[in-house]
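Subject: A structure for you to explore

Hi there,

Here is the structure I promised to pass on. Please open it beside this email, and then read on for what turned up in it.

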Amino acid sequence: MFISDCRREFYDVIVSQRVLLLVASDVDALCACKILQALFQCDHVQYTLVPVSGWQELETAFLEHKDQFKYFVLINCGANVDLLEILQPEEDTFFFVCDSHRPINVVNVYNDTQIKLLVKQDDDLDVPAYDDIFRDEEDEEEDSECDSDGSEPSEKRRRFEEDVIERTMKRRQRREWEARRREIIFDYEQYEYHGTSSAMVIFDLAWIMSKDLNDMLWWAIVGLTDQWVQDKITQMKYVTDIGILQRHVSRHNHRNEDEENSLSIDCMRIAFEYDLRLALYQHWSLYESLCNTSYTSASLKLWSVQGQKRLQEFLADMGLPLKQVKQKFNSMDMSLKENLREMIEESANKFGMKDLRVQTFSIHFGFKNKFSASDIVYATVSLMENIEKEGPETTNFIKALDSLSRGNLDKLHQGLDLAKKQLRAIQQTVASCICTNLVISQGPFLYCSLMEGTPDVKLFSKPVSLCLLSKYLLKSFVCSTKNKRCKLLPLIMAAPMDVEQGTVIMVGIPPETESSDKKNFFGRAFEKAADSTNSRTLHNHFDMSIIELKTEDRSKFLDALISLLS
């Protein structure tokens, strides 16, 4: 059931209880978790934090802890499946679900006792009406009572015949109702998409309780930016939510002119700005950033010799010497840096890159440290999906969580270094896929498979890295292909998951079009294709459009998908 008053129905209920926090492995979930942890610290709430990367870990964590806890908070997991069916909890167990995955499972919506959904009500949820998908049991009992009436003596023949007609009518109505129900449920669950960021929902709660701090606001900004960087929400939704956060930023970060009220330079400041859509450029060289940002790389077609020439022309048009462009951004001449944004924008328009400017926020700690929200997202993702093994599975999660605190700048800088490696790996893989024509049209979709032994292939066995690669690849392919039909197709990408077990990880992403609503139909399509071919698949990820599959079942699975989507 939807919670209308977060404070009364959620926070006041758990504040005196022991709580288990189950947090998904994505940046938005980490940010929501940080805000909630800060609130729990304020009110001395006892909690245990368990990171979960998929449904199996969620079930295991629940089974391990169900005897000690009665209150469970799920962040970015649990809304889009029937939780009660999966977890089979006792009746005195309560779940508070804050999840941006849509559509929300109808059983979760209409369960009034155990499941409470912390969801922004102004998201267009389009949940079907209760009567369209649930029938009361009384109707069914009446049917069965009629059945037992059938053996009456002969003088009641007429009533018996009327009963038969009535019963037949009822059965027909029930069949029609069930057919309509299947249709309604199919329409509702057909597409997977994302609603308001969980970090923003939890920040709203902090704001309502007047406990919102600048740190919490920054985490809400990073949560929203994560959705934008990973292309989970439309540009319209992003701009709307940026506007909401901008009001909070000006409330928290206004500066008084007089000396007495001005804050010390060491304090944390958040500023709204129109920044360049270049990944990590303030911590890299401008040249590297231009080469490894998907937008500029795809627009200039940097995988080709012609593209490299265009990049040189672009830099010449701005009047920037190569020596300056190739050194660290911090070391560039101040005279060049002052007008850099204007110079780049002006030249970008001539080269057809009209969207190089983007609304975002940046954060300052003292003089030296300035980060934009997207820098933090890239750093946190690469810490979380770091493939260098260091200790137990949860180490990466804890490191990523810690890097969001401003006291841990060393971890953040480590994340930025890993992010540069990740972006380079993505860009090189995109270039090799396009130059060797690995992206092939399968009819209703494009398909690309990474072979074992490809450089950096281990990195792409991680879901977020594979999704980023897929989105960058589709963007680049759309810019490079001359086939107009292919420009409108979605993409399925596969990469080796575990060579010993013979599994691949597969992700499906929607078409790259201007008007795209970011809705993804691959989740349901994958399920149907797997069922119809008895393929050995594992639907373990919270995003339904990511699955694991046995390598030898891949060809029959893809054949089924082609016939299903044609």
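First, a definition for sorting residues: Ala, Val, Leu, Ile, Met, Phe, Trp, Tyr, Cys and Pro count as nonpolar, Asp, Glu, Lys and Arg as charged, and the others, Gly among them, as polar. This is a predicted model, where local features need pLDDT of at least 70 and side-chain atom pairs count only at pLDDT 80 or more, while totals for chains, interfaces and linings use all residues. Residues are numbered from 1 along each chain as its sequence is written, and side-chain values use heavy atoms, with hydrogens and water left out.

Let's begin with the empty spaces. Rolling a probe the size of a water molecule over the atoms shows where empty space is left. On a 1 Å grid over the protein atoms alone, a cavity is a set of points where a 1.4 Å probe fits but cannot get out; a pocket is an open set with protein on both sides within 12 Å along at least five of seven lines; lining residues have an atom within 4 Å of a point. A volume is the space filled by probe spheres set on the points, which are joined across faces, edges and corners.

The whole structure holds 3 cavities of 30 Å³ or more. The largest cavity has a volume of about 90 Å³, and its lining divides into 4 nonpolar, 5 polar and 3 charged residues. The second largest cavity has a volume of about 80 Å³, with W218, W219 and F365 among its lining residues. Its lining has 8 nonpolar, 2 polar and 2 charged residues. Helix 10 gives the largest share of that lining, 3 residues (helices, H or I, have at least four residues and strands, E, at least two; both are DSSP runs numbered from the N terminus).

What about pockets? The second largest pocket has about 670 Å³ of space. Of its 24 lining residues, Q282, F329, N330, K337 and K370 lie nearest its centre. Helix 20 gives the most to this lining, with 4 residues, and the classes are 7 nonpolar, 7 polar and 10 charged.

Finally, look at helix 3 (residues 55–65). Its buried residues are W55, L58, A61, F62 and H65 (buried means under 20% relative accessible area, exposed over 50%, partly exposed in between, with a 1.4 Å probe and protein chains only). They cover an arc of only 125° around the axis, which puts them on the same side of helix 3 (the arc is that of the directions from the helix axis to the C-beta atoms). The face turned away from this buried side carries the exposed residues L63 and E64.

Happy exploring!
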